[in-house]
Structure formats: structure tokens, C-alpha cells
Amino acid sequence: MIYKKHIFICTNQRPPGARVCCGEEHGSALTAEFKKIMKDKGLTVDMRAQRTGCCELCEHGPIVVVYPEGVFYGKVELSDVDEIISEHLQNDRVVERLKISRLD
């Protein structure tokens, strides 16, 4: 495995009037915040955050996915980024209040 953790942040954009999408809900700002905090904490050697296309869970967006665990977080706000990084990325503890599944 190349990275200890790989974080994907949905930044999908759809035309006006189409299904809601994460890009409209600040996916790009989330990506920038993840990258900034991870860099500040010295995590960018073993971990990577990057934009991704649609995760098909738009109703729960903005979506963030952490691999290799495959944990999906929904309704992620900028104020949640530091908690996801400190809890999940640094301490391997899932942030349960943000975790989603197909059953939600």
C-alpha cells in the first residue's frame, strides 16, 4: 500500500436543477482544508487527501471517504475536518456522528 490512509472528498458538480451534489456544498473547500491541516500536522508523507467524483450518496453530501477502512462520512462541514483528521487519521477512531452507510 502506498498510503497509510487515503482520503477522497467528493467535489462533483452538476448543472443547475439537477440532483444535489457535493461540489455545490463546498467539496472544494473541504479538500483544501484537509490538505492544509494534514500538511500542518506533517501527515502528507503517509496520507493523501484528494478530490473525487460522485460517490452516489448525494443526499448525504458533502461526502468524505477514508481508505483503507472504507468509512464514508456525510454532511461534512469545514468545522469537522480537524476532528476527522485527529480522530480517524491520527488515532484510528471513526467519528461515529458523521459515519454513514447505505442503510441511512
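Predicted model: local features only at pLDDT ≥ 70, side-chain atom pairs only at ≥ 80, totals over all residues.
**The aromatic pair**
- The structure has one aromatic pair.
- The ring centres of Phe8 and Tyr67 lie 5.9 Å apart with their planes at 75 degrees, so this pair is edge-to-face.
- Phe8 sits in strand β1 (residues 5-10) and Tyr67 in strand β3 (residues 64-67), so to speak two distant parts of the chain, 59 residues apart, that the pair links.

**How the two helices cross**
- Two packed helices are described by the angle between their axes and the distance between the axes.
- Here, helix α1 (residues 27-40) and helix α2 (residues 81-91) have axes that come within 9 Å and cross at roughly 50 degrees.
- α1 and α2 are therefore oblique to each other.
- The crossing of α1 past α2 is right-handed.

**Where the helices touch**
- On the α1 side, the contact involves Leu30, Glu33, Phe34, Ile37 and Met38.
- These residues meet Val81, Asp82, Ile84, Ile85 and Leu89 of α2.

**A closer look at α2**
- Val81, Ile84, Ile85, Ser86, His88 and Leu89 are the buried residues of α2.
- The partners they pack against are β1, α1, β2 (47-52), β3 and β4 (71-73).
- Just after α2 comes Asp92, with a positive phi of about 55 degrees.

Definitions and conventions
Residues numbered from 1 in each chain as written. Heavy atoms only, no water. Phe/Tyr/Trp six-rings, centres within 6.5 Å; stacked < 30°, edge-to-face > 60°. Helix = DSSP H or I, 4+ residues; strand = E, 2+ residues; numbered from the N terminus. Axes fitted to C-alpha atoms, helices over the stretch in contact; angles between N-to-C directions. Parallel < 35°, antiparallel > 145°, perpendicular 65-115°, else oblique. Left-handed = near helix turned anticlockwise from the far one by under 90°. Contact = heavy atoms within 4.5 Å. Buried < 20%, exposed > 50% of the residue type's maximum accessible area, 1.4 Å probe, protein only.
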